[in-house]
Amino acid sequence: MRVITWEVSASRGVETAWARLGDGVLRARGRAVGTVPEPYWISYELETAEGFVTRRLSVTAETGDGTRELDLRHDGRGRWAANGEALPDVEGALDCDLGLCPLTNTMPVLRHELHRAPGEREFLMAWVSVPDLSVRPSRQTYTHLGPGRVRYASGDFRSDLEFDEEGYVVDYPELATRLTAR
C-alpha cells in the first residue's frame, strides 16, 4: 500500500490517496479538499480490472450546496453508467479521469508503460468534473518523452508530467505536485 499526498495547486488544496498496485490492477481510496472552483471535500474509491481498466469509481462530494454522490461503473465491454443511468457519450472509454486528481493519470500510463517506453496513445476518458460530479467525454493523448516523463494533452491544454518508477504522478505542472515526508 502506498500513501501519496499531493499539493493540488489547481484547486488550492491537497489530496491523499491510499493506493495498491498488483497484477495489472489498481485499487485506491482518497480524500481531497479544495477551494477552487468552490470550497469542497471529496472522498473516492477507485477499482480497476486487469490491464488497469476502470471498473468502478465511487465519489462523494460535499460543498456549501450539500452532498452529491456518483457511482460510475464500466461493464468491461465499453459501456458506462453513472448512478445506474447509461452514458453513451463515453462508450468505448477504458478509463475514468477524476478532475483535479493526479491519481487517475496512472491507469493509461501503466497500461502502455508510457513512463518507461516510447509511444503515444490517444484515449477517450469518462471525465468527472469536480465538485459537481458530472461525467463528460474527454479525448486525451499521452506521449512518452523519456524515463518517467509523459506529455499529457487534451484540446489546447498540454503539460509534461513526471512519474515515479511505479507509475504514480510526482509532478503535474499547473495541477499538482507530490509532497514528501520530512
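**Figure 1. Overview of the chain in the predicted model.** Buried residues make up 49% of the 182 residues in the chain, and the coordinates come from a predicted model. The secondary structure consists of 1 helix and 15 strands, and the C-alpha trace spans about 45 × 45 × 35 Å along its principal axes. The radius of gyration is 15 Å, which agrees with the value near 16 Å that a compact globule of 182 residues would have.

**Figure 2. Close-up of the salt bridge between R2 and E166.** The whole structure holds 11 salt bridges, and one of them joins the side chains of R2 and E166, with a distance of 2.1 Å from N to O. This pair links distant parts of the chain, since R2 belongs to strand β1 (residues 2-8) whereas E166 sits in the loop between β13 (157-163) and β14 (169-172), 164 residues apart. R2 has a relative accessible area of 24% and is therefore partly exposed, and E166, with a relative accessible area of 33%, is also partly exposed.

**Figure 3. Close-up of D164 and its partners.** D164 is found in the loop between β13 and β14, and because its relative accessibility is 14%, under the 20% cut-off, D164 counts as buried. A salt bridge connects D164 with R178, their closest N and O atoms being 2.9 Å apart. Here too the pair links distant parts of the chain, with R178 in strand β15 (residues 176-179) and D164 in the loop between β13 and β14, 14 residues apart. Both D164 and R178 are buried. Salt bridges that share partners join R2, D164, E166 and R178 into one network. In terms of polar contacts, the side chain of D164 meets the side chain of R2 at 3.4 Å and the side chain of R178 at 2.9 Å. When neighbours within four places in sequence are left aside, D164 is in contact with R2, H115, V170 and R178.

**Figure 4. Close-up of the salt bridge between E47 and R27.** The closest N and O atoms of E47 and R27 are 3.5 Å apart, and the two residues form a salt bridge.

Figure 5. Not counting residues up to four places away in sequence, V8 touches G13, V14, E15, L100, L175 and A176. The C-alpha atoms of V8 and T180 are separated by 14 Å, although the two residues are 172 residues apart along the chain. V14, one of the residues that V8 touches, is found in strand β2 (residues 13-22) and is partly exposed, with a relative accessible area of 37%. On the surface, V14 forms a nonpolar patch with V33, W41 and L179, and together these residues have about 310 Å² of accessible area.

**Figure 6. Close-ups of backbone features in four loops.** A cis peptide bond, with omega about 15°, joins V36 and P37, and P37 lies in the loop between β3 and β4. Another cis peptide bond joins V130 and P131, with omega about 10°, and P131 is placed in the loop between β10 (120-128) and β11 (135-146). R12, in the loop between β1 and β2, has a phi near 50°, a positive value in a residue other than glycine, and at 65% relative accessibility R12 counts as exposed. L100 also has a positive phi, near 65°, and is likewise a residue other than glycine. L100 is located in the loop between β9 (95-98) and α1 (106-111), where its relative accessibility of 23% makes it partly exposed.

Conventions
Residues are numbered from 1 along each chain as its sequence is written. This is a predicted model: local features need pLDDT of at least 70, side-chain atom pairs count only at pLDDT 80 or more; totals for chains, interfaces and linings use all residues. Side-chain values use heavy atoms; hydrogens and water are left out. A salt bridge is a side-chain nitrogen of Lys or Arg within 4 Å of a carboxyl oxygen of Asp or Glu. Helices (H or I, at least four residues) and strands (E, at least two) are DSSP runs, numbered from the N terminus. Buried means under 20% relative accessible area, exposed over 50%, partly exposed in between (1.4 Å probe, protein chains only). A polar contact is a pair of N or O atoms within 3.5 Å; within protein, one must be able to donate a hydrogen and the other to accept it, and residues adjacent in sequence count only if both atoms are side-chain atoms. Contact means heavy atoms within 4.5 Å. Patches are made of residues with over 30% relative accessible area and no salt bridge: like charges are joined within 9 Å, nonpolar side chains (Val, Leu, Ile, Met, Phe, Trp, Tyr) within 5 Å. Accessible areas come from the Shrake-Rupley method with a 1.4 Å probe; for residues, only the protein chains shown count as cover. The radius of gyration is taken over C-alpha atoms; the globule rule is 2.2 Å times the number of residues to the power 0.38.
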